[in-house]
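Dear colleague,

I am passing on the structure we spoke about, with sequence and coordinates together.

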Amino acid sequence: MELFNGIKVDWIGKRQWFFAVSIALLVIGMISLVHKGKFQYGVDFRGGITMKEIFDAPIPPVDRVREALDRGGAAHSEIQELNGTNVLPGTYQIEYGGTASGETDTNHLRDVITRALDTSFAGKHHNLSYEFVGPSVGSDLRRQAVMATLYALGGILIYIAFRFEWIYGAAAVFAVFHDTLVTLGIFSLFNREINLTVIAALLTLVGYSVNDTIVVFDRVRENLKVRRRDDLETVLNDSINQTLSRTILTSGLTFMTVLALFLFGGEIINNFAFAMVIGILVGTYSSIAVASPLVLIYTKLRGQNGIAPIAATKVPRTAKAR
Amino acid sequence: MTKRLRTRLVVIVAFTLLSVYLFAGFPPSVANMKQRIRLGLDLQGGVQLVLKVKTSDAVRAETDQTIESLRAQLVKQNIAVGELTRTADDQFTVTGVDPAKSSDFRQIMADSHSEWSVSSAGKDAYTLQLQKAQADNYKSQSVDQAISTIGNRINGMGVAENTIQKRGTVDEILIQFPGEKDAAHVESIIQETSLLELKLVQGTGSFPSKEAALAQYNGVQPAGMEVLPSVERATDGSPTYYLIQSSGGISGRDLKNAYVSRDDNGRPAISFSLNANGAERFGPLTEQNIGKLLAIILDGRVQSAPVLRGRISDNGQITGSFSPQDAQDLALKLRSGALPASLSVEEESVVGATLGADSIRAGVTASAVALIAVVIFMLLYYKASGINATIAMLLNLVVLLGALAYLDATLTLPGIAGVILTIGVGIDSNVLIFERIREELRAGKTAASSVLTSFKRVFITLVDTHLAALISATFLFLFGTGPVKGFAVTLVIGLVSNMFTAVFVSRTIFEIELGRKGRADSISI
């Protein structure tokens, strides 16, 4: 079975359209962010209320309790079974951060939870205690995560710059920023909650985007070595077309995997799966529509619209033509 | 099959068996797996502690510090005073103030200690009370600091995937960490304040009992002094006590660093250094008391009481009979910050997985279905070579699990994100190779040479993608905490094992196939 042989699309030629799409996505995301004030953070970022509820026999399993909370208007709560020497059976611990930003009145939050539980368990549950609970992700952890990611991106840039040319490194990293911003914008647009696992999903997105971009660039590097007479734009287009079947296959299969998680993986990892779904789409898109055109634009600006092969470590430098 | 191929096959099989043994034991069973692969709090649940911070400790420390500061200021301005004595956590009295200098005294208080209210307690005495708002402030700060310190300690021990939150609005901290095996050790590390204090000893030595220490004061503990037990024992093994001057010392809040070292006899010891604030006070303290004993107090017990031989400004050493593990634990506790106040465990319970068993089941089912779909597609699209890819990817997961078990790494949901990325990269690697083989075949090359060339060329691509990802994962591991670190761990292992399976294993299978049918024959791809 062969699906994608012999496709010849002028990707680079259409770069104006791609830039327009990218800018539109980014702008929409920015508007949504500005309009809504900030991201929808989960209880681990924001804090809220922690409650102990005890249920009469027969004790409902966790997913039934979760269902009741979702349907009753208290979605995105964290539910854990509680056991121990001083704990009666049927006790659950519920953490909830509210829906609007700045909603920290514990009495109000408790009422929301109680009402939600009443939809399925009216008269069969009883509140043992409730308290304010602070965020589990302090500003420290946030800052560290951001710093770690920036360092990681720096490492990627340097490595790609070393193995290809520095513009390829810069283009790849720029594509990553583009992907992350678009994903965050879409999160804001759809009021998706950002919690700890979403952070992991964003990192996966980064890894996937870089992987995809390097595969394209690697083909470009290989082509530039042998095709001395073609200009960069043609080589870029051909490289993308040659790797297209691989790109569609890999993206398609990986996309299918995370789509399954998104559709059937349950509510808690839904935000996580959503980030991955968007990430794979955008990550694939950016290798073709953002990273490659950037390389062309830069090279053109430097007046090298020609046959400057990438001085990878194995190719002798004298082959560089200006 | 050539000898070379046979060796490779043996290596692959051996590796696979080893990995299976590492994560599933022998004979392999699910029960073994549960034991050998550590799951994080989100997947498995763990222990929950509610700790109460004794905020009055923090307030008392502030009061002591104010007393010292005021004493120094009064001396500098030549205002004679009698006694400065702490009477409550947030209150102290000053007696014997020259009535002529009373306005100067009030001025000093207003200028540098405005959070204290001054009231007269007689002709030459004053009572100073810390204002409630400020006291509350110190209390809340001490809780924040406790949270930060506990976080440092738990992470310093490598307990991944823990949560630390403030509970209530006053003085409670909620902690969750996975697994129950190490609960006792974690609790001990968290709870011990490791409040380091350096205070002067009253007298020239230790006493065999509290009563003996107070005998010179008729059995009544004088204000400004306390009797503390020591970890040292007398020659006959009985406990010893020291009489300590309560105020005028250095506390652990002034610590800059602490690390394991060796004392003069080569035994494990802990060296510490003070920050500028502490050094500023430690210098004069030691200088003015040369010849006296300085008690090094940990959590209210005297570790040792060496004679002050000279001025020390900013560092010292704690010696004693520490085992290497003790010294390490103590240095960690000191380094991560002394707890500003002592903690007591209010509640202890076992909590279920934050993700919920239902969610985990759904996730596992969804992933399994997806992966089966991927395998079916690969078989359809690449025919018999799809089997290669399937074996390679399966092996990748097996090796990954084995490595996780061997390294005693904790698997969390962010870690699973790393696994998903590894699967994606694995699919990518196989597709890259197969597409290349198809290209070569289309260009008219023989099956054998196509396979050879493709693996060689794609190897370069794979090196670049994998190294780039490895470099970034390393940075994430080094500088990230919690979920970021968990993600990095599985990614690093997954990438390394992928290079092995997608290249070495896949190629071996291809070559075995080719060897069977003869060189110029075709391959099913």
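Predicted model: local features only at pLDDT ≥ 70, side-chain atom pairs only at ≥ 80, totals over all residues.

In chain B, 3 strands form an open sheet in the order β13-β14-β17, and their pairing is antiparallel. Because β13 (255-262) and β17 (315-318) of chain B stand at the edges with a single partner strand each, one side of each has no neighbour in the sheet. On average, neighbouring strands of this sheet are turned by 25 degrees against each other, direction ignored. Between β14 (residues 268-274) and β17 of chain B the antiparallel pairing extends over 4 bridges, and F272(B) has G316(B) in β17(B) as its bridge partner. Across β13 and β14 of chain B lies helix α10 (residues 324-335) of chain B, which runs at about 170 degrees to β13(B).

Turning to the contact between the chains, chain B contributes 64 residues and chain A contributes 63 residues. On the chain B side, the elements that each supply at least two residues include β7 (163-167), β18 (343-351) and α13 (413-442), while the largest share, 16 residues, comes from α11(B). Sorted by class, this side of chain B has 37 nonpolar, 20 polar and 7 charged residues.

With best regards

Definitions and conventions: Residues numbered from 1 in each chain as written. Chains lettered and ligands numbered in written order. Pairing = 2+ DSSP bridges. Axes fitted to C-alpha atoms, helices over the stretch in contact; angles between N-to-C directions. Contact = placed C-beta atoms within 7 Å. Nonpolar A, V, L, I, M, F, W, Y, C, P; charged D, E, K, R; others polar.
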